[in-house]
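Here is a friendly walk through a few parts of this protein. Have the viewer open as you read along.

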Amino acid sequence: MKKLKKIGLILLVLLVIIAFTAGISVNSLTPTYDGQKELAHLSNEASVYFDPYGIPHIYAENEEDAFRTLGYVHAQDRLWQMEVLRRIGTGRLSEVFGSKMLNTDRFFLSLGIDEATKKTIAQLNENSPMVRLSQAYLDGINQFIAEGPTPIEFYLTGLEKETFNLEDIYNTLGYMAFSFAMAHKTDPLLSNIKDKLGAEYLIDLEIVVDPNTEWIKNHKKQKSDSIQNTITAMVSEALGELSLPLFEGSNSWVIAPEKTKNGKVIFANDPHIGFSQPSVWYEAHISTPTYEKYGYHLGGVPFPMLAHDRKLAYGMTMFENDDVDFFYEQTHPSDKNKYKVKEGWSNYETVIKKIKIKDSTDYEFTYQKTEHGPVMNGIANQINGEKPISMWWIYTQKENKILDALYGISHAGNIDEFKIELPKIHAPGLNIMYGDAEGNIAWWATAQLYKNGKSNTTKFVMNDSSDLNAPEHYLDFSENPQAINPPWKYVYSANNQPDSIAGMVYPGYYLPENRAKRIVNLLEPKNDWSKDAVGQMITDVTSSVNPTVIGELIKFINVEELSDAHMAALEKLLEWQGENNLDNVEPSIYHRWIYYFLKNTFADELGEDMFKQLMLTHLHKRMIAPMASKIESVWWDNSNTKEAVETKAQIVNMSFLEALQSLENDFGSNMNTWTWDKVHTIEHPHPIGQVTALRTFFNVGPYPVHGTREVINNLAFPYDESGMYKVTVGPSTRRVIDFSDIENSMSILPTGQSGNPFSEHYDDQAEMYVNGEFRKMLLNEKEIKKTSNSLLIFKPEE
């Protein structure tokens, strides 16, 4: 990346000179939205109407022609994104960005995504509809690669374009599955805390879910050594630096006809994903005589993960279940090539991999594997000591039918056809949300869930030689958390804990109840929901939990030691109803207070590095409200002071004063200037935008933005010493689908439809997004043709 910073501006200037010398205009680098083109293997003419926001509406005589056309138009807007996404899971980022990505590439190669993909491809039926449509989509991508303009990012990085194949689709899905897994962020950290401080220090870390918090209710129709930090800290840091999308959380709710104004289902969904430019989803509407879908596609994946038509709608949130485990391996005392297994001893498998590095020689490395998975020692720099630690990940252990599932749900015509496809999703864990024109609503937690009565032990590095791949270790899909047409007339998910299943509370890395509580509080009393009311709800910025946290902390404030200015700030917080608008002062004070409260509570025992790692996990979000209300805790005492025992009151008061002082240092003594817009901003970063000279060209923003983390309009940010809350994760789209008015359903993207910076649709939705506005998802053919800005016709080759 340093090399990019040095040469980026020079390259851009050279590109302009070369373009003029060669007679190339900027228009030749933009996507083609009108005219005619020949498309290989096309059987009939296909028409693409681009609406005012650049979204393609594809009309074709058959599905293969439609998906072949989709591949072409998707690539012309998002080829660079497709290229980067397919490289992550196979350890090929160093080839583009240099040696800085070497550790990340080693890590992803060791996960075995590429090996699992090869096994899956070998078992595919080439004549299945899923494979045929996937290949048609790839044909469209590859024709654009062969004849379309090269995106500017390829010039800037010196990367040559390469054709896409089926393996690339599965490797992209593998990266997506990995980014959903929270266990890699917490298991080793919790083990380290336990080893360093003792088991009593785990009690207040909210590993066990509080049954008094908001849980997602099930409803089924009754038939008659030393680990210094988290293992992937360097991966999260590296991928964040490259502005690659990390899948983190989501909201969704579906309201039954009995609770809507017009007596039809209303569907809402906003998956929370790391912000990047381009944004993660590519929208496309496909219409053929046998198939129609308005869908949201990942770069390089043919079938939509979110979609709707006139019959049904579906979306997703992250389940946050535990599908990654870590194990201590016992090496044979006299033969270092063997490790302990259930039946005795087995040989470590040695794997050799090679990584290409930009402007350098190839790098070759080896690692060992056990029956659990790769041994992480030597792969993750954060693991010290000689005791081997292996990583077991269900995604690479089980048969992969994710693409079959995406094909199946996108072709389902009713709830029964839809449900039958869901057991094919073994990983990542997803909450699949559903509503239809017949009045059905449903939620299913989809994942291959294993039986484990000791749910807490899976959150540590374990000693276990059991066969995790044995069928008897897994639940049947019918036992997964789910609710179909429940009597309370709505379903929802906000990444919170689902109710117990199969006699146990299923282990996971669930988020706190904040969003769930607000969603339930809004949905429960109202029985006349409309599309517009749901649109207001999906952009809601009020926290029902944060004011209660303030109420608990204020009990410990010694008001006699506060100045008049301090008392004014306290009184403002007491009157706060939890809103997070741009002109609010309260959230600025709240989040600084909470940061210092957490730091003064945990950092002395954990140390700086482990405290930073805790701040990167979901655990710290779940700890805030309980720690605010707890009287006694082993964490209150400052381990750095030997002659005194500190109390919660001391921590609360010190943290409050530190928060106010930091705000005064940043913005002056006038509290009315400490408004949320000064500290809470959003910028959509492009990998090349890391080059300072190119930032304003590639990045979108920054903008001050309403909302905060763990409200419905969930705009998440990390806590650190700066007190500046640069949003990194939030709604990757907001969708509201009303089956009483399906043609006026609405949506928004964070920036724009195109990933090409020369396109007018690169950032034409960005300001609408931060303002909480929407645009229509067009389905009516007459309206589409009437409002279309351009028409691109694809003809069969002559």
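## A covered helix, a sheet and a helix pair

Helix α15, residues 531-538, is mostly covered, with six of its eight residues buried. The buried ones are Lys531, Ala533, Val534, Gly535, Met537 and Ile538. Keep in mind that this is a predicted model.

Now to the sheet. Its 11 strands form an open sheet with mixed pairing, in the order β1-β29-β2-β3-β7-β8-β9-β10-β18-β19-β20. At the edges sit β1 (35-39) and β20 (482-484), each pairing on one side only. From one strand to the next, the twist averages 20°.

Within this sheet, β7 (residues 282-287) and β8 (residues 292-297) pair in the antiparallel sense over six bridges. Here Ile286 stands opposite Lys293 in β8. Helix α2 (residues 63-88) lies across β1, β2, β3, β7, β8 and β29, and runs at about 160° to β7.

The axes of α16 (residues 546-554) and α18 (residues 586-606) come within 12 Å and cross at roughly 55°. Because of that angle, α16 is oblique to α18. Their crossing is left-handed. The residues that make the contact are these:

| Helix | Contact residues |
|---|---|
| α16 | Asn546, Val549, Ile550, Leu553, Ile554 |
| α18 | Tyr590, Trp593, Ile594, Phe597 |

Which classes of residue make up the contact of α16 with α18? By class, there are eight nonpolar residues, one polar and no charged.

Terms used. Residues numbered from 1 in each chain as written. Predicted model: local features only at pLDDT ≥ 70, side-chain atom pairs only at ≥ 80, totals over all residues. Heavy atoms only, no water. Buried < 20%, exposed > 50% of the residue type's maximum accessible area, 1.4 Å probe, protein only. Helix = DSSP H or I, 4+ residues; strand = E, 2+ residues; numbered from the N terminus. Pairing = 2+ DSSP bridges. Axes fitted to C-alpha atoms, helices over the stretch in contact; angles between N-to-C directions. Contact = heavy atoms within 4.5 Å. Parallel < 35°, antiparallel > 145°, perpendicular 65-115°, else oblique. Left-handed = near helix turned anticlockwise from the far one by under 90°. Nonpolar A, V, L, I, M, F, W, Y, C, P; charged D, E, K, R; others polar.
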